[in-house]
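I opened my notebook to record what I looked up, in the order in which I looked.

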Amino acid sequence: MNINEIRLRDPFILLDKKSSTYYMYGTNNNYELGFYCYYSKDLSSWNGPFRVFTPDSTFWGTQDFWAPEVHIYNGRYYLIGSFKSPTKCRGCQIFVSDNPLGPFKVHSDVVTPNDWECLDGTLYIENNIPYLIFVHEWLQIKDGEICIIKLSKDLKHSKGSPKTLFKASSASWSKHPKWYKEPINVCDGPFVVKDQNGFPLILWSSFLEDSYDIGYSYSNNGIFSNEYIHSINPLPLRDAGHGMIFTDLNSKKYLVLHADNSISGSEYPVLIPVTVKDKKIIVESKL
């Protein structure tokens, strides 16, 4: 199938160089309890969906199986997902498999603070030390935050306390969305991409007054600083977001994100060629 025939939110594409295969994960639009994957050899024709994680009867999460990402770390495949239950805060947890198609098994406890509403964890490595970058959700604090916490080397648990990098309202383009009566600022879907000099930028999504959009932020003092510079405007991709950037087999970078955010259940992944250079993300084509 073509990529725009797939119904998926929060897409994440992993290039597995061992098999020269692209694997795409995301939030299932039918909100079933589990995660699915599609795979492709050429980014054009896709196969799937294949179920890669199914919770057993003891799993704590009972709703909102959101935003899976899969990262290769120390030769294995690690899935990070967000979950919720009526009695526990939304949180991020890590799963492992020896195959990108799973099955993924529970690897860690919840690695975000138990009394925070958290989601959209992404793995970030600096100086061979793993970290989780995640969102402290606006539903709990009104002004959503991008945060970071250190992980153990085996990714089984977090270490120390989280640090807030920036708030959604810090970016001038993030606005109070019309669909919510109280003043709020939303942020979600953080992902770190590096420019040609290895300089890290954080890609993330928020709302304008009537549109879901995606922009980026960076700090000249390193990713752990709270002195961030934000793109003045979101990327020119109207009503599309929660994306990530990957490099294909020909060393070309693509942004994958979901479009048609305004109609729940109709969201589909889109590939946009981009250049990441000199602390900027440049979109090479529009939706």
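The entries below go from the whole chain to single residues.

I noted that this is a predicted model, in which local features need pLDDT of at least 70 and side-chain atom pairs count only at pLDDT 80 or more, while totals for chains, interfaces and linings use all residues. Residues are numbered from 1 along each chain as its sequence is written, and side-chain values use heavy atoms, with hydrogens and water left out.

I looked up the elements and found one helix and 20 strands in the protein chain, where helices (H or I, at least four residues) and strands (E, at least two) are DSSP runs numbered from the N terminus.

I then asked how much of the chain is buried, meaning under 20% relative accessible area with a 1.4 Å probe, protein chains only, and I read that buried residues make up 57% of the 287 residues.

Next I turned to Asn28, which is found in strand S2 (residues 21-28). Asn28 is buried, with a relative accessible area of 12%, and, leaving aside residues up to four places away in sequence, Asn28 touches Leu8 and Tyr36, a contact being heavy atoms within 4.5 Å.

Last I searched for disulfides, each a pair of cysteine sulfur atoms within 2.5 Å, and the structure holds zero of them. Cys37 is in no disulfide, and the nearest cysteine sulfur, that of Cys92, is 20 Å away. For Cys147 the closest cysteine sulfur, in Cys118, is 7.1 Å away, too far for a bond. I also noted that Cys37 counts as buried at 0% relative accessibility, and that Cys147 counts as buried at 0%.

Key. Buried means under 20% relative accessible area, exposed over 50%, partly exposed in between (1.4 Å probe, protein chains only).
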